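Me: Could you go through this model with me, one topic at a time?

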Amino acid sequence: MTIRSRQIMALGSTAALGLLLVWGVIRLPDFGAYPGPYSDVLNAAAVAERHVTNIPSAVNFDYRAFDTLGEEFMLFVAVAGLAVLFREQRGRSNRKNPSVVQVSEAVRWMGSGLIGFTVLFGMMIVLHGSLTPGGGFQGGLILAMTVLLIYLIRGDEAFERLSRRAFVEALEAAGAGAYVLIGLAMLTTGGMFLENLLPIGRLRELDSGGTIFLINLATGVEVSAAFVLLFAEFLEESRKPSSER
Amino acid sequence: MNVLPYVIAVWLFLAGLYGVATSRNLIHLIVCLSVAQSSTYILLIAIGYRQGAGPPIFTYVPPGTPAVDPVVQALALTDVVVSAAMTALLLAVAVRIYKQTGTLDPQKIRPLRS
Amino acid sequence: MTVIQAVVFVLVAICGTAVVLMREPYRQTFLLSLYGLLLSILFVMLAAPDVALSVIVIGAALPLMILTALRIVGQHST
């Protein structure tokens, strides 16, 4: 199939699909006039019921915690699959190939200036996930980027020390397992799986939310460890000696 | 004018699909797939929007002020992070294909035999 | 629907189309980064700060992974 005929066929079929989709989308409620009752109920009840003020976080980790468990394990399996794909090719050799990236002085200076703030900011976003916009997913990713910033500032020896495979994999598994264990612990006390039975604390303070706070922490740990592992595998794969390319 | 956000989401989805269908480089294909995924976030968040309402965060305002839908935001925010990990897995598969066959052109790669 | 909302929606559509039409992956990553920034502005405008935060951090991580993959493959410059 030539390139031109493939383009024409793709244009034709996407146009046909587009007509069907636009026909379906026109019947939606007007933009800005959302009528749904579910969101009104949640906005009115969630603050009083759980003493959290970040409602999407409460929805993620309490009202629909089972879906988030599935999403987190999707992340876990994706990173595991990536590690398998890269390591199977590399074999068991322990050669430490030199890095081929030269980092300029400006990047080093700016990275050294920013890294303290970034670590604190990431931890704040994770811890205050049930109070202000943020949460485990966003804050965990910020913490993973700080480890990458250390790679840019200090080179790959420091990065290798921070991302030892055994430690990072254990941390990731601990985060994912803690989510499930919190849910199972609720089962042992007579409630439902992942039901929020812990004391819900004071409004607008850090100890509010019960299991929302704990699940938030577990997710932050898991996401940051998963992305550090992802970056470490990618960076190690890019460090082959030039004779093998 | 009231269906413009939904039409834009449909347009981005179709553009991403067209890019996937007529791509000549596997990494370009993966980025077009990422664009098609982002169109679903735009559709979700645009559905839950209320004109003149604030975000569903009640740290400084009393609960009861008009706010947009929190459920679609909860769906979208986990989706964004997880789809990035999926894209990384796809990139690993693309790198593996390159190591195996020497090319990144999806129209030159023969299917596996036996 | 206000004027600025319509403008940002149209900008997002234009940038998304530009990402698809740019055939070289090395240049596409810069457009993808710009697309992430425009998406985060759109989501803040639609009163969704959690999602905007997610898009901003992904817009930092995803082009980086693509650039590393391009380096592995050998197409890291035009």
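Me: How do α2(C) and α3(C) run relative to each other, roughly parallel or roughly antiparallel?

Reply: Bearing in mind that this is a predicted model, the axes of α2(C), residues 25-45, and α3(C), residues 49-73, come within 8 Å and cross at roughly 175 degrees. An angle over 145 degrees counts as roughly antiparallel, and the two helices are therefore roughly antiparallel to each other.

Me: Which residues make the contact?

Reply: On the α2(C) side they include C:Y26, C:L32, C:G36, C:L39 and C:F43, and on the α3(C) side they include C:V51, C:V55, C:G59, C:L62 and C:I66.

Me: And how many of them are nonpolar, polar or charged by class?

Reply: The contact of α2(C) with α3(C) has 18 nonpolar and 5 polar residues, with no charged residues in it.

Me: Stepping back, what is the secondary structure of chain C?

Reply: Chain C has 3 helices and 0 strands, and its pattern along the sequence reads α-α-α. Its C-alpha atoms fill a box of roughly 45 × 25 × 10 Å along the principal axes, and 51% of its 78 residues count as buried.

Me: What share of the contacts in chain C joins residues 24 or more positions apart?

Reply: Counting contacts with a separation of 6 or more, residues 24 or more positions apart account for 49% of them.

Me: New topic, chains A and B. How many residues are in contact there?

Reply: On the chain A side there are 50 residues, in contact with 41 residues of chain B. The elements of chain A that give two or more residues to this side are α1, α2, α3, α4, α6 and α9, and α4(A) provides the largest share, with 11 residues.

Me: What is that side of chain A like by class?

Reply: The side of chain A that touches chain B has 31 nonpolar, 14 polar and 5 charged residues.

Me: Now the nonpolar core: how many residues does the largest one have?

Reply: The largest nonpolar core has 124 residues, and those with the most contacts inside it are A:L141, A:A226, A:L230, B:I45, C:V51 and C:A69. The largest share of this core, 17 residues, comes from α9(A).

Me: Take A:L141, then. What does that residue touch?

Reply: Leaving aside residues up to four places away in sequence, A:L141 touches A:V223 and A:F227, together with B:V81 from chain B and both C:V57 and C:A61 from chain C.

Terms used: Residues numbered from 1 in each chain as written. Chains lettered and ligands numbered in written order. Predicted model: local features only at pLDDT ≥ 70, side-chain atom pairs only at ≥ 80, totals over all residues. Contact = placed C-beta atoms within 7 Å. Helix = DSSP H or I, 4+ residues; strand = E, 2+ residues; numbered from the N terminus. Nonpolar A, V, L, I, M, F, W, Y, C, P; charged D, E, K, R; others polar. Axes fitted to C-alpha atoms, helices over the stretch in contact; angles between N-to-C directions. Parallel < 35°, antiparallel > 145°, perpendicular 65-115°, else oblique. Buried ≥ 20, exposed ≤ 12 C-beta atoms within 10 Å, placed from the backbone. Core = buried A, V, L, I, M, F, W, Y, C linked by C-beta atoms within 7 Å.
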